[in-house]
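Subject: Structure for your files

Hello,

Here is the structure I said I would pass on.

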Amino acid sequence: YYQQQKLDDAAASYRKVLELQPGNLAALCNLSMALLDKGERAQAATLCDQAISLQAGFVGAHLLRGSIHAALGEFELAAESYHHASALEPGALTAVAGEADALIKLGSMEAAYALISPHVQADTDDASLAMAYASTYEFHGDAGRAARQLERLLAMPALTHKMRLQLHFSAGELYDSMKKYDKAFVHYRMGNSHVARHYSAADDRLRLDQTIATFGAGTLQRLACVDQTALTPVFIVGMPRSGTSLVEKILSRHSQVRAGGEMPCIPEISVSLCDGSGNRIAYPEDILKVDVENVREHAKL
(Lines give C-alpha, C1' and ligand atoms only; values in the text may rest on other atoms or scores of the structure.)
Protein backbone atom coordinates (compact mmCIF):
# COMPACT_ATOMS: atom_id res chain seq x y z
CA TYR A 1 0.00 0.00 0.00
CA TYR A 2 2.77 2.47 0.89
CA GLN A 3 4.74 1.84 -2.30
CA GLN A 4 1.56 2.57 -4.25
CA GLN A 5 1.06 5.71 -2.12
CA LYS A 6 -2.28 4.37 -0.83
CA LEU A 7 -1.45 6.10 2.41
CA ASP A 8 -4.69 5.64 4.35
CA ASP A 9 -4.61 1.89 3.73
CA ALA A 10 -0.91 1.73 4.60
CA ALA A 11 -1.43 3.66 7.85
CA ALA A 12 -4.34 1.39 8.84
CA SER A 13 -2.16 -1.69 8.29
CA TYR A 14 0.72 -0.28 10.33
CA ARG A 15 -1.65 0.65 13.17
CA LYS A 16 -2.92 -2.93 13.21
CA VAL A 17 0.65 -4.16 13.60
CA LEU A 18 1.16 -1.77 16.53
CA GLU A 19 -2.00 -3.06 18.19
CA LEU A 20 -0.45 -6.51 18.11
CA GLN A 21 3.13 -5.40 18.83
CA PRO A 22 3.23 -1.89 20.40
CA GLY A 23 7.04 -1.78 20.37
CA ASN A 24 7.53 -2.81 16.75
CA LEU A 25 10.18 -0.36 15.52
CA ALA A 26 9.58 -0.99 11.83
CA ALA A 27 5.83 -0.40 12.20
CA LEU A 28 6.40 2.81 14.22
CA CYS A 29 8.75 4.21 11.57
CA ASN A 30 6.63 3.05 8.65
CA LEU A 31 3.49 4.56 10.13
CA SER A 32 5.43 7.76 10.80
CA MET A 33 6.58 7.77 7.16
CA ALA A 34 3.04 7.27 5.86
CA LEU A 35 1.71 10.09 8.05
CA LEU A 36 4.56 12.31 6.89
CA ASP A 37 3.53 11.74 3.29
CA LYS A 38 -0.07 12.54 4.26
CA GLY A 39 1.09 15.88 5.70
CA GLU A 40 0.42 14.90 9.33
CA ARG A 41 3.91 15.95 10.39
CA ALA A 42 3.34 16.49 14.12
CA GLN A 43 2.02 12.96 14.62
CA ALA A 44 4.77 11.59 12.39
CA ALA A 45 7.38 13.29 14.59
CA THR A 46 5.82 11.86 17.77
CA LEU A 47 5.97 8.30 16.42
CA CYS A 48 9.52 8.75 15.16
CA ASP A 49 10.68 10.06 18.55
CA GLN A 50 8.98 7.08 20.16
CA ALA A 51 11.01 4.75 17.96
CA ILE A 52 14.25 6.59 18.83
CA SER A 53 13.43 6.37 22.55
CA LEU A 54 13.02 2.60 22.20
CA GLN A 55 16.30 2.16 20.32
CA ALA A 56 18.56 5.20 20.13
CA GLY A 57 20.92 3.51 17.69
CA PHE A 58 18.25 2.67 15.10
CA VAL A 59 19.60 4.38 11.98
CA GLY A 60 16.28 4.30 10.12
CA ALA A 61 14.58 6.37 12.80
CA HIS A 62 17.23 9.10 12.59
CA LEU A 63 16.96 9.14 8.80
CA LEU A 64 13.21 9.54 9.16
CA ARG A 65 13.67 12.31 11.74
CA GLY A 66 15.79 14.12 9.19
CA SER A 67 12.99 13.81 6.63
CA ILE A 68 10.46 15.17 9.13
CA HIS A 69 12.66 18.13 10.02
CA ALA A 70 13.15 18.83 6.30
CA ALA A 71 9.38 18.68 5.69
CA LEU A 72 8.93 21.21 8.50
CA GLY A 73 11.55 23.51 6.95
CA GLU A 74 13.94 22.87 9.87
CA PHE A 75 16.93 22.23 7.64
CA GLU A 76 19.64 22.74 10.26
CA LEU A 77 18.00 20.11 12.47
CA ALA A 78 17.54 17.89 9.42
CA ALA A 79 21.25 18.09 8.64
CA GLU A 80 22.04 17.17 12.26
CA SER A 81 19.76 14.12 12.16
CA TYR A 82 21.26 12.88 8.90
CA HIS A 83 24.78 13.51 10.21
CA HIS A 84 23.95 11.49 13.33
CA ALA A 85 22.68 8.67 11.11
CA SER A 86 25.98 8.77 9.18
CA ALA A 87 27.90 8.50 12.45
CA LEU A 88 25.85 5.42 13.39
CA GLU A 89 26.35 3.84 9.97
CA PRO A 90 29.38 5.32 8.16
CA GLY A 91 28.94 5.29 4.41
CA ALA A 92 25.14 5.15 4.49
CA LEU A 93 24.32 6.87 1.20
CA THR A 94 20.78 7.81 2.24
CA ALA A 95 22.20 9.75 5.19
CA VAL A 96 24.83 11.44 3.00
CA ALA A 97 22.23 12.43 0.41
CA GLY A 98 19.81 13.67 3.08
CA GLU A 99 22.43 15.83 4.77
CA ALA A 100 23.51 17.20 1.39
CA ASP A 101 19.93 18.08 0.50
CA ALA A 102 19.49 19.90 3.83
CA LEU A 103 22.70 21.85 3.17
CA ILE A 104 21.42 22.74 -0.31
CA LYS A 105 18.22 24.10 1.22
CA LEU A 106 20.38 26.19 3.57
CA GLY A 107 22.28 27.58 0.57
CA SER A 108 25.53 25.75 1.40
CA MET A 109 26.16 24.38 -2.09
CA GLU A 110 29.92 24.01 -1.62
CA ALA A 111 29.51 22.00 1.61
CA ALA A 112 26.81 19.85 0.01
CA TYR A 113 28.96 19.07 -3.02
CA ALA A 114 31.96 18.28 -0.81
CA LEU A 115 29.79 15.77 1.00
CA ILE A 116 28.48 13.96 -2.08
CA SER A 117 31.45 14.29 -4.47
CA PRO A 118 33.29 11.16 -3.22
CA HIS A 119 30.18 9.11 -4.03
CA VAL A 120 29.40 10.50 -7.49
CA GLN A 121 32.79 10.33 -9.20
CA ALA A 122 31.41 7.40 -11.18
CA ASP A 123 27.77 7.31 -12.24
CA THR A 124 25.84 6.59 -9.07
CA ASP A 125 22.93 4.19 -8.78
CA ASP A 126 21.64 6.00 -5.70
CA ALA A 127 18.73 8.21 -6.75
CA SER A 128 19.00 10.57 -3.77
CA LEU A 129 22.67 11.25 -4.50
CA ALA A 130 21.90 11.82 -8.18
CA MET A 131 19.23 14.37 -7.25
CA ALA A 132 21.63 16.12 -4.85
CA TYR A 133 24.25 16.22 -7.63
CA ALA A 134 21.66 17.76 -9.95
CA SER A 135 20.74 20.37 -7.32
CA THR A 136 24.41 21.45 -6.98
CA TYR A 137 25.08 21.76 -10.71
CA GLU A 138 25.57 25.53 -10.43
CA PHE A 139 28.57 24.81 -8.18
CA HIS A 140 30.17 21.90 -10.06
CA GLY A 141 29.09 23.17 -13.50
CA ASP A 142 28.29 19.82 -15.13
CA ALA A 143 24.54 19.98 -15.69
CA GLY A 144 24.79 17.62 -18.67
CA ARG A 145 26.24 14.82 -16.57
CA ALA A 146 23.64 15.43 -13.87
CA ALA A 147 20.87 15.14 -16.45
CA ARG A 148 22.32 11.92 -17.88
CA GLN A 149 22.43 10.39 -14.39
CA LEU A 150 18.77 11.23 -13.76
CA GLU A 151 17.68 9.89 -17.14
CA ARG A 152 19.66 6.66 -16.62
CA LEU A 153 18.03 6.08 -13.24
CA LEU A 154 14.57 6.80 -14.61
CA ALA A 155 15.12 4.04 -17.17
CA MET A 156 15.51 1.48 -14.38
CA PRO A 157 12.32 -0.60 -13.98
CA ALA A 158 12.80 -1.36 -10.26
CA LEU A 159 12.26 2.19 -8.97
CA THR A 160 9.62 2.71 -6.29
CA HIS A 161 6.60 4.82 -7.14
CA LYS A 162 7.73 7.62 -4.83
CA MET A 163 11.33 7.68 -6.05
CA ARG A 164 10.24 7.80 -9.69
CA LEU A 165 8.09 10.89 -9.14
CA GLN A 166 10.91 12.58 -7.19
CA LEU A 167 13.38 11.88 -10.00
CA HIS A 168 10.98 13.30 -12.58
CA PHE A 169 10.57 16.51 -10.57
CA SER A 170 14.34 16.77 -10.09
CA ALA A 171 14.89 16.33 -13.83
CA GLY A 172 12.18 18.88 -14.58
CA GLU A 173 13.84 21.44 -12.33
CA LEU A 174 17.28 20.75 -13.83
CA TYR A 175 16.11 21.03 -17.46
CA ASP A 176 14.17 24.18 -16.56
CA SER A 177 17.40 25.72 -15.19
CA MET A 178 19.19 24.63 -18.38
CA LYS A 179 16.46 26.41 -20.42
CA LYS A 180 15.48 23.10 -22.03
CA TYR A 181 11.82 23.80 -21.41
CA ASP A 182 10.33 21.07 -23.59
CA LYS A 183 12.20 18.38 -21.67
CA ALA A 184 11.38 20.06 -18.35
CA PHE A 185 7.67 20.05 -19.20
CA VAL A 186 7.75 16.32 -20.05
CA HIS A 187 9.33 15.44 -16.70
CA TYR A 188 7.04 17.70 -14.68
CA ARG A 189 4.04 16.12 -16.40
CA MET A 190 5.35 12.61 -15.73
CA GLY A 191 6.04 13.49 -12.09
CA ASN A 192 2.52 14.82 -11.64
CA SER A 193 1.10 11.64 -13.18
CA HIS A 194 2.65 9.65 -10.31
CA VAL A 195 1.16 11.83 -7.57
CA ALA A 196 -1.90 10.30 -5.90
CA ARG A 197 -4.01 13.42 -6.12
CA HIS A 198 -7.68 14.04 -6.78
CA TYR A 199 -9.00 17.56 -7.10
CA SER A 200 -12.66 18.49 -6.90
CA ALA A 201 -13.61 22.10 -7.65
CA ALA A 202 -17.00 21.48 -6.00
CA ASP A 203 -15.38 20.27 -2.74
CA ASP A 204 -12.98 23.21 -2.78
CA ARG A 205 -15.83 25.67 -3.32
CA LEU A 206 -17.81 24.12 -0.46
CA ARG A 207 -14.84 24.35 1.90
CA LEU A 208 -14.22 28.00 1.03
CA ASP A 209 -17.91 28.86 1.37
CA GLN A 210 -17.95 27.22 4.81
CA THR A 211 -14.88 29.19 5.87
CA ILE A 212 -16.37 32.50 4.70
CA ALA A 213 -19.71 31.77 6.36
CA THR A 214 -18.09 30.68 9.63
CA PHE A 215 -15.53 33.38 10.25
CA GLY A 216 -17.68 36.49 10.21
CA ALA A 217 -17.10 39.34 12.65
CA GLY A 218 -19.58 37.89 15.13
CA THR A 219 -17.86 34.51 15.24
CA LEU A 220 -14.41 36.02 15.68
CA GLN A 221 -15.61 37.98 18.73
CA ARG A 222 -16.94 34.77 20.35
CA LEU A 223 -13.94 32.52 19.74
CA ALA A 224 -11.98 31.11 22.67
CA CYS A 225 -8.82 33.18 23.19
CA VAL A 226 -5.71 32.90 25.35
CA ASP A 227 -2.84 35.26 26.12
CA GLN A 228 0.35 34.22 24.37
CA THR A 229 2.77 37.05 25.01
CA ALA A 230 6.14 35.29 24.64
CA LEU A 231 6.06 35.44 20.84
CA THR A 232 3.97 37.46 18.41
CA PRO A 233 3.22 35.67 15.13
CA VAL A 234 3.20 37.72 11.93
CA PHE A 235 1.33 36.17 9.02
CA ILE A 236 2.31 37.18 5.49
CA VAL A 237 -0.60 36.43 3.17
CA GLY A 238 -0.54 36.54 -0.61
CA MET A 239 -0.98 34.62 -3.83
CA PRO A 240 1.89 32.40 -5.09
CA ARG A 241 4.74 34.33 -6.75
CA SER A 242 3.46 37.62 -5.30
CA GLY A 243 6.56 38.37 -3.20
CA THR A 244 5.60 36.87 0.16
CA SER A 245 8.96 35.08 0.51
CA LEU A 246 10.78 38.31 -0.27
CA VAL A 247 8.80 40.17 2.40
CA GLU A 248 9.63 37.42 4.91
CA LYS A 249 13.32 37.58 4.03
CA ILE A 250 13.37 41.36 4.49
CA LEU A 251 11.60 41.18 7.86
CA SER A 252 13.81 38.34 9.10
CA ARG A 253 16.90 40.57 8.80
CA HIS A 254 15.67 42.26 11.96
CA SER A 255 17.33 40.81 15.09
CA GLN A 256 13.97 40.18 16.79
CA VAL A 257 12.25 38.50 13.82
CA ARG A 258 12.67 34.84 12.92
CA ALA A 259 11.43 33.48 9.59
CA GLY A 260 9.17 30.46 9.85
CA GLY A 261 8.65 29.68 6.18
CA GLU A 262 5.49 27.97 4.99
CA MET A 263 4.74 26.35 8.33
CA PRO A 264 2.49 23.28 8.15
CA CYS A 265 1.39 23.54 11.78
CA ILE A 266 -1.59 25.81 10.99
CA PRO A 267 -3.53 23.27 8.87
CA GLU A 268 -2.48 20.53 11.30
CA ILE A 269 -3.95 22.53 14.19
CA SER A 270 -7.19 23.05 12.28
CA VAL A 271 -7.83 19.30 12.11
CA SER A 272 -6.84 18.53 15.71
CA LEU A 273 -8.91 21.09 17.67
CA CYS A 274 -11.09 19.58 20.41
CA ASP A 275 -14.17 20.50 22.41
CA GLY A 276 -14.41 20.49 26.20
CA SER A 277 -14.76 16.69 26.27
CA GLY A 278 -11.63 16.12 24.22
CA ASN A 279 -13.53 15.15 21.08
CA ARG A 280 -12.24 16.43 17.77
CA ILE A 281 -14.47 19.02 16.15
CA ALA A 282 -15.39 19.46 12.51
CA TYR A 283 -13.42 22.40 11.11
CA PRO A 284 -14.47 25.08 10.35
CA GLU A 285 -18.20 24.78 11.07
CA ASP A 286 -17.79 23.69 14.74
CA ILE A 287 -15.07 26.17 15.65
CA LEU A 288 -17.16 27.70 18.45
CA LYS A 289 -17.03 24.33 20.28
CA VAL A 290 -13.26 24.52 20.65
CA ASP A 291 -11.94 24.15 24.19
CA VAL A 292 -9.86 26.98 25.70
CA GLU A 293 -7.29 24.53 27.07
CA ASN A 294 -6.92 23.05 23.60
CA VAL A 295 -6.31 26.51 22.17
CA ARG A 296 -3.71 27.18 24.87
CA GLU A 297 -1.79 24.00 24.00
CA HIS A 298 -1.78 24.77 20.29
CA ALA A 299 -0.73 28.37 20.94
CA LYS A 300 2.55 27.03 22.32
CA LEU A 301 3.44 25.71 18.86
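Below is what I found, grouped by region.

Please keep in mind that this is a predicted model.

V247 has a relative accessibility of 38%, so it counts as partly exposed.

Helix α11. This helix spans residues 161–177 and includes S170. With a relative accessible area of 11%, S170 is buried. Apart from neighbours within four places in sequence, S170 is in contact with M131, A134 and L150.

Helix α17. N294 belongs to this helix, which runs over residues 292–299. N294 is buried too, its relative accessible area being 13%. If residues up to four places away in sequence are not counted, N294 touches S272, L273 and C274.

Cysteines. How many disulfides does the structure hold? The count is 0. C29 is in no disulfide: the nearest cysteine sulfur belongs to C48 and is 5.7 Å away, whereas a disulfide requires the two sulfur atoms to be within 2.5 Å. C29 has a relative accessibility of 8% and therefore counts as buried, the cut-off being under 20%.

Regards

How values were computed:
Residues are numbered from 1 along each chain as its sequence is written. This is a predicted model: local features need pLDDT of at least 70, side-chain atom pairs count only at pLDDT 80 or more; totals for chains, interfaces and linings use all residues. Side-chain values use heavy atoms; hydrogens and water are left out. Buried means under 20% relative accessible area, exposed over 50%, partly exposed in between (1.4 Å probe, protein chains only). Helices (H or I, at least four residues) and strands (E, at least two) are DSSP runs, numbered from the N terminus. Contact means heavy atoms within 4.5 Å.
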